[in-house]
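Hi there,

Here is the structure I promised to pass on to you. Have a look first, and my notes follow below.

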Amino acid sequence: MNLVEVRGLKVHFPIRRGLFFDRTIGHVKAVDGVDFDLEHGKTYGLVGESGCGKSTLGRAILRLIEPTAGSVIFDGVDIAGLQGEKLRKARKRMQMIFQDPLSSLDPRQNIESIITEGIDAHDLLDSRKQSRARIVELLEAVGLSAAALRRYPHEFSGGQRQRIGIARALAVEPDLIVADEPVSALDVSVQAQVVNLLEKLQDSLNLTFLVIAHDLAVVRHISDTVGVMYLGALVEEASSDDLYAEPLHPYTRSLMSAVPVPDPDVEDRRERILLPGDLPSPANPPSGCRFHTRCPWRQPERCDTEIPELRVLRPTHKVACHYAEQIEAGTIRPKSADEVAADQGVYVAATGGLDAKDLLDAGKDMPLPQQGF
Amino acid sequence: MAPLLEVENLSVTFGRKGTRKVQAVDGLTFTVANGQTVGLVGESGCGKSVTSLAIMGLLPSRGVTVSGDVRLEGRSLLGLPQRQLRDLRGSEMAMIFQDPLSSLNPVVPIGIQVTEVLVRHRKLKADAARKEAVDLLDRVGIPDPTRRLKEYPHQLSGGMRQRALIAMALACSPKLLLADEPTTALDVTIQAQILELLKALVVESGTALLMITHDLGVVAGLCDRVNVLYSGRVIESAERRELFGHGRHPYTAGLLASVPRLDSPRGAPLLPIRGSARDTIPWTEGCAFAPRCDNVIDACIGRPPELTDVDGSHQLRCCNPTTVRPVEVLG
């Protein structure tokens, strides 16, 4: 059973220029026609590089960003069309966990006040006493003690703050939790604690997760189904095991070959599929297949002109590539990164100026600097 | 032959008189040989970045106490006056920082920033320096280098900026290159590009590389020798294969068991290390890792463990090392 069905979702941000007349001179197509389903009680992982639109997609599902087109059907109701009080009521059932646990907690509110806010807003409990008991229960569920109630966010470590963020999300008893980079700001030894906690909570509370992350190993570990995004569109979607065993889209292949593995033998044996250049600007995406400018398997004509549909190749495996079968069978050989770059005539680098990609990122997808491990 | 870089008993303490002192680096000892790639690995707060700044002489003088010794080709760096250090920085040793945007000057074109090094150290004339800069940018894989020279840092993408920084660092063919988390701010596909580039440049130019990172995966592919840091000290040091295959410190094993791996079967639970990096005790009172360690015994508390040779070049600072190979823990 599907809890959420996303159909044809688009989020376009206008690019405005001009001093007096705010002329719209183009659109950044952050999310450009995405379809997928979130199955009840399961975890859907969304991966992609910064600027691919994965965070925008997560926010658009919660209506934290207004979708430009398309529908988000949450348990039979189209959220994209809800207004006012109805939307507010619907929000009780979906919550979010943010990347940076310090900036997403109000530094001047104590933990009790932070967690009570959602409970009060939705009138879930009558008395202060009841809500106090509920908060203690929530804190214990995420591995913190009642002593945390009177303390403030700065008194906790990064991992503990993320636990508070999780407790806040759980306070209104949601069905869906969107977690945007939930562990990327944490030290490695602490990441595992939070990942394990999320899995435990999912089992005991039957939660549905949409996990957005750039770390492929973490996403694979936690997700049942994984979707790979490139420039605002899904290029591949498969069950976690299938995707990692047999990535079919050229982009997924190169992404996986790029992840360093802590094992010298694997590292020495591996052949990286290096992609030339950077992500093209989403304000002016390449024609045809969006990946054709960097693709080592690009074929003439068709890839440049015809947009590939996300098609079902196997029961649990969808891919948006014209030549997925041939690539899998090995009848098309990949070119090296240099050949691809030469093929395109110009090196596919980011264009100058504060371009759309910079506007779009504003750093929100990037792993936080300075946080080791 | 003496190693290129010797760091001996390096300690860095922050805090002025009267304030509580913070010991960031606590008796750190390691060496880097000519042309060798050495990794310094650890979690945030273990002192790895402070170590690199101390080697380069970039720590502020007020409120910081640095003791021990840092020698480059036998020459002690810690006592050197700033004037002489400036002659060494950029020519004998160079550094690449984590965030390429904040380490480039935003109001100066890339070309001037690259030629600056050449003019300062190799005394090149403007024309010759510009030619050399074009060559350098080309070598690090920046397309259309002549045009890029006139551009400002914000006009380059993240990967391109990091390439420009690498070009600046390599401009005078330094003997030692320090890279502090050079790929942490980049996407995986760009990270792969930069790592391949660093690997190729190190082989080509014979530069020794001190790689500072938190990512065990990056170390596994790049470094000859790995030093694992915890709370300002080396807790384990070994050749790359030895460390990943036969790492014996519970912290090393714990780190390897707590990261999910792309190539291992799915479904195995992650085994996190208890607590957080805050839960340490000072080294003077025993092993700093003891509060989080599963192997803790009485001998761990009271007396700090020494760094001892296990076999050959493998050194370990632990009273009760694990006997299980971390690889098997993962399986």
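Predicted model: local features only at pLDDT ≥ 70, side-chain atom pairs only at ≥ 80, totals over all residues.

How many residues of chain B are in contact with chain A? There are 51, and they meet 49 residues of chain A (contact means that the C-beta atoms, placed from the backbone, lie within 7 Å). Helix 7 (188–205) of chain B gives the most to this side of chain B, with 7 residues. By class, the side of chain B that touches chain A has 21 nonpolar, 17 polar and 13 charged residues (nonpolar is Ala, Val, Leu, Ile, Met, Phe, Trp, Tyr, Cys and Pro; charged is Asp, Glu, Lys and Arg; the others, Gly among them, are polar).

Residues are numbered from 1 along each chain as its sequence is written, with chains lettered from A and ligands numbered from 1 in the order in which they are written. Helices (H or I, at least four residues) and strands (E, at least two) are DSSP runs, numbered from the N terminus.

Chain A has an open antiparallel sheet of 4 strands in the order 2-1-4-5 (strands pair if DSSP finds at least two bridges between them). Strands 2 and 5 of chain A are at the edges with a single partner strand each, so one side of each has no neighbour in the sheet. Strand 5 of chain A is joined to strand 4 of chain A over 2 bridges, and A:Phe74 stands opposite A:Val77.

Strand 7 (residues 176–180) of chain A is another one to look at: 5 of its 5 residues are buried, so the rest of the structure largely encloses it (buried means 20 or more other C-beta atoms within 10 Å of the residue's own, with C-beta atoms placed from the backbone). It runs parallel to strand 6 of chain A, with 4 bridges, and parallel to strand 8 of chain A, with 5 bridges. A:Ile177 is the bridge partner of A:Gln95 and also stands opposite A:Phe209.

Finally, the largest nonpolar core has 193 residues (a set of buried Ala, Val, Leu, Ile, Met, Phe, Trp, Tyr and Cys residues joined through C-beta atoms within 7 Å). Helix 6 of chain B supplies its largest share, 8 residues. B:Ala167, one of those with the most contacts inside the core, touches B:Val114, B:Leu136, B:Leu137 and B:Val140, not counting residues up to four places away in sequence.

Best wishes

Technical notes
Contact = placed C-beta atoms within 7 Å. Buried ≥ 20, exposed ≤ 12 C-beta atoms within 10 Å, placed from the backbone.
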